[in-house]
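Dear colleague,

Please find the structure below, followed by some notes on what was found in it.

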Amino acid sequence: MSIRTWLIVGLLSTFALLGRAAAQRGQSPEPTAILNFIVIKEDNGKPVRSAAVIMHPVSASGKQSKGGLELKTDADGKTSFDGIPYGKLRVQVLASGFQTFGEDFDIDKAKMDFTIKLKRPQGQYSIYQDHPEEKKDDKKDDKTPPPDPNAKPQ
């Protein structure tokens, strides 16, 4: 190809890119928010260091998008992110030694602050253990028939 042809192709490409940039500049950008998170222990209010704060956009149908963003808390249990688009956002918080936290939030302000309280793991529920918080009359075992009031003691 000759130099003239290359020059024409280059100029056309430049004009096309400038036109695209001008069109994008004319569009109003989607509003975004600054999110500030503080992750603390529920039992004593102390900060949780190195907790993973994971954010996923959520569609109108309630499905979370693939990908997402993960942040880590500092020694004060704080982390933040600037540039989250308005809309539904699923936030999950994971930390060693704590129950996983998960909740959907509606991002609708330019700056939002969240305090997340993490709980310690609960013991596993067993039907073979006594549960004093339950009334004895409330427990019903469908497999055991009620005692016969006319039966003789043995």
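In what order do the three strands of the open sheet stand, and what is the pairing? The order is S4-S1-S7 and the pairing is mixed, where strands (E, at least two residues) are DSSP runs numbered from the N terminus and two strands pair if DSSP finds at least two bridges between them. Strand S4 (78-85) and strand S7 (111-118) stand at the edges with a single partner strand each, so one side of each has no neighbour in the sheet.

This is a predicted model, in which local features need pLDDT of at least 70 and side-chain atom pairs count only at pLDDT 80 or more, while totals for chains, interfaces and linings use all residues. Residues are numbered from 1 along each chain as its sequence is written, and side-chain values use heavy atoms, with hydrogens and water left out.

Six bridges join S2 to S5 (residues 87-94), and Ala52 stands opposite Leu94 in S5.

Val58 lies in the loop between S2 (52-57) and S3 (69-72), and counts as buried because its relative accessibility is 12% (buried means under 20% relative accessible area, with a 1.4 Å probe and protein chains only). Leaving aside residues up to four places away in sequence, Val58 touches Lys63, Gln64, Lys88, Leu89, Arg90 and Asp104 (contact means heavy atoms within 4.5 Å). The C-alpha atoms of Val58 and Lys88 are 5.2 Å apart, although 30 residues separate the two along the chain.

Best regards

Conventions:
Helix = DSSP H or I, 4+ residues; strand = E, 2+ residues; numbered from the N terminus. Buried < 20%, exposed > 50% of the residue type's maximum accessible area, 1.4 Å probe, protein only.
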